[in-house]
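This report describes the pockets of one protein and the surroundings of selected residues and helices. Please consult the sequence and the structure below while reading.

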Amino acid sequence: MKHTIDPVYDNNSKVLILGSFPSVKSREQQFFYGHKQNRFWRVLAQVLECPVPEDIPRKREMLIRHHVAVWDVIASCEITGSSDASIRDVKPNDLSLILSHADIAAIFTNGGKAYELYQKFIYPVNGIQVHKLPSTSPANAGYSLERLVEAWTEIRRYV
């Protein structure tokens, strides 16, 4: 399966948040974190101290206004549904597109799978350390919304 969602960034982006690969709902909507149960937008809005965006144009505007870029580690892979555990035959995205246009101060991964794949496929190429954040996926039931916000607050240092 090929990744078909363009990255969100501009020349002023300071933070890059990388997921693993878009969920079924995100692929349907052609935008990041489209599943209603994913807490990404609620967490990020609290961290950035702004209202939770309700539609794609507002989500994109919130990211750009707060200097946050979003993309995924994987350009293509085999995946069953939305399960990170089923991912195989990974081809990574080329982050140089973003890194050459924006002055990214820090890269974060949304969850362990994105971190693992970054370390395996991207770090050997660009040598840039990444910060692992807990996943906002509903599958990460061990983290409450409050606990996620607390962990994700690290982003504020860079935006």
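## Basis of the description

Helices, of at least four residues, and strands, of at least two, are DSSP runs numbered from the N terminus. The model is predicted.

## The largest pocket

The largest pocket has a volume of about 490 Å³. Its lining consists of 24 residues, and those nearest the centre are Asn38, Ser82, Asp84, Ser135 and Ser137. Helix H5, which spans residues 112–126, supplies the largest share of this lining, with 3 residues. By class, the lining of the largest pocket comprises 14 polar, 7 nonpolar and 3 charged residues.

## The second largest pocket

About 250 Å³ of space lies in the second largest pocket. Its lining is formed by 13 residues, of which Gly34, Lys36, Trp41, Pro53 and Lys59 are the closest to the centre.

Asparagine 110 belongs to strand E5, residues 106–110. With a relative accessibility of 8%, asparagine 110 counts as buried, because buried means under 20% relative accessible area. Tyrosine 33 is placed in the loop between helix H1 (24–29) and H2. Tyrosine 33 also counts as buried, at 12% relative accessibility.

Which side chain does that of tyrosine 33 meet in a polar contact? The partner is the side chain of asparagine 110, at 3.3 Å. Tyrosine 33 and tyrosine 143 are 110 residues apart in sequence, and their C-alpha atoms lie 17 Å apart in space.

## Helix H3

Helix H3 covers residues 56–65, and its residues Lys59, Met62 and Leu63 are buried. Viewed down the axis of H3, the buried residues fall within an arc of 95°, so they line one face of the helix. On the other side of H3, Pro57 and Arg58 are exposed. The buried residues of H3 pack against H2 and against strand E2 (68–72).

The N-terminal end of H3 is capped by aspartate 55, which has a side-chain oxygen 2.9 Å from the backbone nitrogen of arginine 58. Histidine 67 follows H3 and has a positive phi, near 65°.

## Helix H6

Helix H6 runs over residues 145–152 and has Leu148, Val149 and Trp152 buried. These buried residues line one face of H6, because they fall within an arc of 100° when seen down the helix axis. Glu146 and Glu150, on the other side of H6, are exposed.

Against which elements do the buried residues of H6 pack? They pack against strand E1 (15–19), helix H2 (40–48), E5 and strand E6 (131–133).

Terms used. Residues are numbered from 1 along each chain as its sequence is written. This is a predicted model: local features need pLDDT of at least 70, side-chain atom pairs count only at pLDDT 80 or more; totals for chains, interfaces and linings use all residues. Side-chain values use heavy atoms; hydrogens and water are left out. On a 1 Å grid over the protein atoms alone, a cavity is a set of points where a 1.4 Å probe fits but cannot get out, and a pocket is an open set with protein on both sides within 12 Å along at least five of seven lines; lining residues have an atom within 4 Å of a point. Grid points are joined across faces, edges and corners, and a volume is the space filled by probe spheres set on the points. Ala, Val, Leu, Ile, Met, Phe, Trp, Tyr, Cys and Pro count as nonpolar, Asp, Glu, Lys and Arg as charged, and the others, Gly among them, as polar. Buried means under 20% relative accessible area, exposed over 50%, partly exposed in between (1.4 Å probe, protein chains only). The arc is that of the directions from the helix axis to the C-beta atoms. Contact means heavy atoms within 4.5 Å. A polar contact is a pair of N or O atoms within 3.5 Å; within protein, one must be able to donate a hydrogen and the other to accept it, and residues adjacent in sequence count only if both atoms are side-chain atoms.
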